[in-house]
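Reader: I have the sequence and the model open. Could you take me through the fold and the ligand site?
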Amino acid sequence: MPHSYLTSNSSQPVTHLDLLTMKQRGEKFACLTAYDASFSALIDAAGIDAILVGDSLGMVIQGNPTTLPVKMDDMVYHTRCVTKTCKRALVIADLPFMTYATPEMAAQNAAALIQEGGAQMVKLEGAKVEIIQFLVAQGISVCGHLGLLPQFIHQLGSYKVQGKVAESAAQLLADALAIQNAGAAMLVLECVPADLARKITEKLTIPVIGIGAGKCCDAQVLVVYDMLGISTGKRPRFSKNFLIETNSIETALKNYCHAVKQGDFPTAAHSF
Ligand code: KIV
């Protein structure tokens, strides 16, 4: 059965204000990664409200073991591919590793994602409060990213759940509030216990997009190749293969959108 969900019952491009309104109304929204024009068009047509051009492309497109080798030129190229066919969803593009070490670098690189790539928002990892403040002061929409930070993999040692002990959980909540106060419009929470994600989502007024963060976040994001079962590595526990129950990519995307909006995905089995 086809499902159709449109923010504010319109086919107008989704803005971060629409997503904020959805949070305020208690309506969940779905997000997926995309890196090319074909998937972007399919995801957009499925009614998904936000597309993330993630630096996960370094792993799933380029075949690297981490996201660290991704360059600005790669991000601009893939963001441009995605925005060419995305008519409705909000497009968020990642600032890759070491491209936002200073406010000036961050502003120049965020400008490239917006001006050349056509993104509406940029995402960066960590509690980079000064960088976020600087970008926001230039008129750039920013999405924060906390929890498991793939760009910090060599410090973390492995891709593991974050915020499991009281001290790190309190730090994550404090960082989330600091990112919101710095002017970020949204926050991605990756691989944190579901109960902590719920607390952070309740405290924040901006939308919280979870990945491996339980069902109480305002929205969910997955890597599109993982949820279609076409990634080369092992599918992470927090992901689900939506293609396995249907022979159609379009139906799998719509089923994911429907499951997120209904609160049916993620389940406890996909959470920590
Ligand atoms: O790069 C990416 O795809 C991401 C998501 C996993 C949140 O940052």
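Reader: Over how many bridges do strand 1 and strand 2 pair, and in which sense?
Author: Strand 1 (residues 29-33) and strand 2 pair over three bridges, in the parallel sense. Strands are DSSP runs of E of at least two residues, helices are runs of H or I of at least four, and both are numbered from the N terminus. Two strands pair if DSSP finds at least two bridges between them. This is a predicted model, in which local features need pLDDT of at least 70 and side-chain atom pairs count only at pLDDT 80 or more, while totals for chains, interfaces and linings use all residues. Residues are numbered from 1 along each chain as its sequence is written, and side-chain values use heavy atoms, with hydrogens and water left out.
Reader: Which residue of strand 2 does Thr33 stand opposite?
Author: Thr33 stands opposite Leu52. In strand 3, the bridge partner of Leu52 is Ile92. Strand 2 (residues 50-53) and strand 3 (residues 90-94) are parallel and pair over four bridges.
Reader: What do the eight strands form?
Author: They form a closed barrel that runs 1-2-3-4-5-6-7-8 with parallel pairing. The twist from one strand to the next averages 25°, as an angle, from 0 to 180 degrees, between N-to-C directions of axes fitted to C-alpha atoms.
Reader: Which residues lie on each side of strand 2, and are they buried or exposed?
Author: Ala50 and Leu52 lie on one side, Ile51 and Val53 on the other, and all are buried. Buried means under 20% relative accessible area, with a 1.4 Å probe and protein chains only; exposed means over 50% and partly exposed is in between.
Reader: Switching to the ligand, which residues are around it?
Author: The residues around the ligand include Thr33, Leu52, Asp55, Ser56, Asp94, Lys123 and His145. Each has a heavy atom within 4 Å of the molecule.
Reader: What are the distances from ligand oxygen atoms to the side chains of Ser56 and Lys123?
Author: An N or O atom in the side chain of Ser56 is 2.5 Å from a ligand oxygen atom, and for Lys123 the distance is 2.9 Å. The protein buries 95% of the 260 Å² that the ligand exposes when taken alone, by the Shrake-Rupley method with a 1.4 Å probe.
Reader: And where is Thr66?
Author: Thr66 is in the loop between helix 3 (57-60) and helix 4 (72-85). Its contacts, meaning heavy atoms within 4.5 Å, include Gly58, Met59, Ile153 and Tyr159, leaving aside neighbours within four places in sequence.
Reader: Why does Thr66 count as buried?
Author: Thr66 counts as buried because its relative accessible area is 14%.

Note on methods: A polar contact is a pair of N or O atoms within 3.5 Å; within protein, one must be able to donate a hydrogen and the other to accept it, and residues adjacent in sequence count only if both atoms are side-chain atoms.
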